[in-house]
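Here's a quick briefing on a single chain, written to be read with the model open beside you. Have a look first, then go through the notes by topic.

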Amino acid sequence: MLRRLGSSRLLSCNLSSGPDHGQELSRETRKVPTKQVCNLILDHFDKQYTEELGPIWPSTRAVLLNPGCWQYGVMLNRFTSVSELKRRLQGHGFTPLLPHPNSPSAVSPAPTPHLPPTPQIHSSQHHLSFTETFPNYADISLPQPNAVISQPYSLDDSLHQLNTGPHPFPSPSLQCFIHPSAVRFPSPPHRQGQLKPYYLLNAASLLPVLALGVKDGDRVLDLCSAPGGKALAIIQAANPALLCCNEVDPHRRDWLAKTLESFIPQSLSSAITVSNQDGRIFGQTEAGMYDKVLVDAPCSNDRSWLFSSGGGEQRGCLRLKERARLPTLQMELLRSALAAVRPGGVVVYSTCTLSRSENQDVVKAVLNTFPGAELDDLEEEVVLPLQQHFTFAPPCRPHALLSPTLLGHTPSCGLLVVPHPGQTWGPMFLSRIKRTH
């Protein structure tokens, strides 16, 4: 079923765990630090990732077990006025993740890749609550580590009114600001008739969108779209002729549509559809219809699954059984995406897990069985420009040595961003595949 964005009023929904939980942030994320670790899942991770990641795993493990050190990105909404917000962010130590498209640094290679130093991990997350800190939505001060709130920032002028009618599209510009510390911005609450000026997310979740390379006029399919952060990033980066956001689960589909309606003006609704089909059928029903397809596949989210202690050992066992079944679904979704993209188009496959069976093995299996699918290299486009912000795993082989010559080298099947002290983004795996014929 397809419907246009904004065609009906959506019911509010409770947030639930899913492949993006912990990647696209929600208010539910605030509860994570108080949850206990599921030891059954941690033991499983220790065995699997010691083998697969070797010397990377201890530092990655320390980050995953300490939500207080997780960093967060602030993605700006180009459909609102954000000049004052940008000034405030920069004044409090935030810097742009991405260079300006017209800046010479946008194409300049970064320095020789290296692992950042390993600082001591501690719970230093600076978190503010809207209801506790900002009783009046119009008066917002941006947070700074170990600082008091001062100089209120008014959002009244920067929030776009939905009922203002058609207007010229703002120039595409994907802007995300990050802080070297674990500074947590308050999530803007929903306000009737207003667009939200920014979206909180794990900055690594922007990498699949960058790899997708959407251009103005492209027909784009976001196959597993909920909760909607990557769809928002796509519409920030370009003006596609069509963006189909698909989510099979009705509950998450409503969450997705509500997210889109909170950030995108109704004047763009004719170009954006929300679908709730099984993603595995798109390759049959809409074969060759799209220029770009994103498969942000359902996966065993390492961040959230570690805190699956509710329900005890029984729930941990269910999680691990589900983990074993996921690669089959992921391969079916990727094959469907490759069939739905036109010859010459590209598919980006991504997950937010470190698991080789859900990442590299899925891509290898599909490449071996889908004629006309060819792996695209992401070294120059993703690794070199962004290696100062993200820790990329070395080539995927057991116990690979972490040396400057290996870090940043594109594995044979994709890139893996691993959480590391000081660079706590990820996990995020991404692979770009081109359909040649």
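This is a predicted model: local features need pLDDT of at least 70, side-chain atom pairs count only at pLDDT 80 or more; totals for chains, interfaces and linings use all residues.

Residues are numbered from 1 along each chain as its sequence is written, and side-chain values use heavy atoms, with hydrogens and water left out.

**Annotated sites**

- An unreviewed UniProt entry puts the feature "binding site" at C224, S225, A226, P227, G228, G229, K230, E247, D278 and D296; UniProt positions follow the numbering used here, feature names are shortened, and annotations may be inferred rather than shown by experiment.
- P227 sits in the loop between β10 (219–222) and α6 (229–237); helices (H or I, at least four residues) and strands (E, at least two) are DSSP runs, numbered from the N terminus.
- P227 counts as buried because its relative accessibility is 3%, where buried means under 20% relative accessible area, exposed over 50%, and partly exposed in between (1.4 Å probe, protein chains only).
- K230, another position in that record, is in helix α6 and is buried at 3% relative accessibility.
- The unreviewed UniProt entry also lists an "active site" at C352.
- C352 belongs to the loop between β14 (341–351) and α11 (360–369), and with a relative accessible area of 2% it is buried.

- Four strands form an open sheet in the order β3-β7-β2-β9, with antiparallel pairing; two strands pair if DSSP finds at least two bridges between them.
- The edges are β3 (95–96) and β9 (198–201), each pairing on one side only.
- β2 (residues 73–76) and β9 are antiparallel and share four bridges, with V74 standing opposite L200 in β9.
- α6 packs on this sheet, touching β2 and β9, and its direction makes about 45° with that of β2; axes are lines fitted to C-alpha atoms, for helices over the stretch in contact, and angles run from 0 to 180 degrees between N-to-C directions.
- Helix α3 (residues 83–91) lies across β2, β3, β7 (176–178) and β9, running at about 160° to β2.

**Around α6**

- Q236 is in helix α6 and is buried at 2% relative accessibility.
- Not counting residues up to four places away in sequence, Q236 touches M75, L76, N77, R78, F79, P172, S173 and L174; contact means heavy atoms within 4.5 Å.
- V209, in helix α5 (residues 207–212), is buried at 5% relative accessibility.
- Leaving aside neighbours within four places in sequence, V209 is in contact with K230, A233 and I234.
- V209 and S350 are 141 residues apart along the chain, yet their C-alpha atoms are separated by 9.8 Å.

**The β11–β12 pair**

- β11 (residues 242–246) runs parallel to β12, joined by four bridges, and C245 stands opposite V274 in β12.
- β12 (residues 272–275) is covered on both faces: I272 and V274 on one side, and T273 and S275 on the other, are all buried.

**The buried side of α11**

- In α11, the buried residues are Q360, V362, V363 and V366.
- They cover an arc of only 165° around the axis, so they are on the same side of α11; the arc is that of the directions from the helix axis to the C-beta atoms.
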